[in-house]
Amino acid sequence: MKSVAVRDIVIGEGAPSICVPMVGVNSELLLEEARMLVDIDLDAVEWRVDFYEDVADIAKVKNMLREIRSILGNIPVIFTFRSAKEGGEREFPVADYVALNKEVAATGMADIVDVELFTGDQEVAELVAAIHAAGAKVIMSNHDFAKTPAEDEIVSRLVKMQDFGADLPKIAVMPQSPADVLTLLSATNTMREKFADRPIVTMSMAGTGVVSRLAGEIFGSALTFGAAKKASAPGQVAVDELRQVLDLLHKSLN
């Protein structure tokens, strides 16, 4: 299985990489978050731009990203607009979603751009091509905040992302029981053993699913999301505690 190198980190080798989301709603809060994150033990930062009050103004988004980029230095940045239908803060017309992601990718300031699987097949293919042409990676995602699909369906969605050319297929699901967490972990392991030729990212959300955010190295998830100032999804663990657990599991496995 190939790994994914982004700046100085390699996703898919060793312990899962830790990504911390930025969820500030305005420039003041975002810059404060960025300055705080440079002193935290993390591997990547995700700017959840759907929280940003000026997200509809692409020029302001690009200016904000430039300032964030200058503060974060060599830390990889994931640019994510999470749509309301997948648990995000707002909905965008598809054409606006595509335009935003293409223009940001073209700046070269985002290392990885999130593309939601169910945006539309034509739009997804267009975005993957544009993001790769700009030299960035694609994390393709799907989020189910209501339930955990069957194992076969989870694997099918991850395979579809891989077929689209995603560098990092990602799925997050909501468990209604401990058995649902086992379904997600089993799907992750099946994907790794039978289909994946690149790193994948999976998680079961909320407190019930927290083990899936910790045990990625065992079951096959290469990146996990931790909280610094404010979590962007239910179940995210404080990043310092997350690092301790990941290191413990990594030592136990090697």
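**Stop one: strand 10 and its neighbours**

Select strand 3 (residues 17–22) together with strand 10: the two run parallel and are joined by three bridges. For a landmark, show Ser-17, which stands opposite Leu-223 in strand 10. Keep in mind as you click around that this is a predicted model.

Now turn to the partner strand 11, which also runs parallel to strand 10 and is joined to it by two bridges. Here the pair to pick out is Gly-226 and, opposite it in strand 11, Val-237.

Is strand 10 enclosed or open to the outside? Five of its five residues are buried, so strand 10 is largely enclosed by the rest of the structure.

Move along to Gln-236, in the loop between strand 10 (223–227) and strand 11 (237–238). With a relative accessibility of 12%, Gln-236 counts as buried, because the cut-off is under 20%. An unreviewed UniProt entry includes Gln-236 in its "binding site" annotation, along with Glu-46, Trp-47, Arg-48, Arg-82, Arg-213 and Ser-232.

Nine of them make an open sheet with parallel pairing, in the order 9-8-7-6-5-4-3-10-11. At the edges sit strand 9 (201–204) and strand 11, each pairing on one side only.

Four bridges tie strand 9 to strand 8 (residues 168–173), and the two run parallel. Show Lys-170 and you'll find Val-201 of strand 9 opposite.

**Last stop: a pair of helices**

Select helix 3 (residues 94–107) and helix 4 (residues 121–133). Their axes are 9 Å apart, and they pack at an angle of about 10°. Helix 3 and helix 4 are therefore roughly parallel to each other.

To see where they touch, show Val-94, Tyr-97, Val-98, Asn-101, Lys-102 and Ala-105 from helix 3, then Glu-123, Glu-126, Leu-127, Ala-130 and Ile-131 from helix 4. Colour this contact by class and you get seven nonpolar, one polar and three charged residues.

Methods. Residues are numbered from 1 along each chain as its sequence is written. This is a predicted model: local features need pLDDT of at least 70, side-chain atom pairs count only at pLDDT 80 or more; totals for chains, interfaces and linings use all residues. Side-chain values use heavy atoms; hydrogens and water are left out. Axes are lines fitted to C-alpha atoms, for helices over the stretch in contact, and angles run from 0 to 180 degrees between N-to-C directions. Angles under 35 degrees count as roughly parallel, over 145 as roughly antiparallel, 65 to 115 as roughly perpendicular and the rest as oblique. Contact means heavy atoms within 4.5 Å. Ala, Val, Leu, Ile, Met, Phe, Trp, Tyr, Cys and Pro count as nonpolar, Asp, Glu, Lys and Arg as charged, and the others, Gly among them, as polar. UniProt positions are given in the numbering used here, feature names are shortened, and annotations may be inferred rather than shown by experiment. Buried means under 20% relative accessible area, exposed over 50%, partly exposed in between (1.4 Å probe, protein chains only). Two strands pair if DSSP finds at least two bridges between them.
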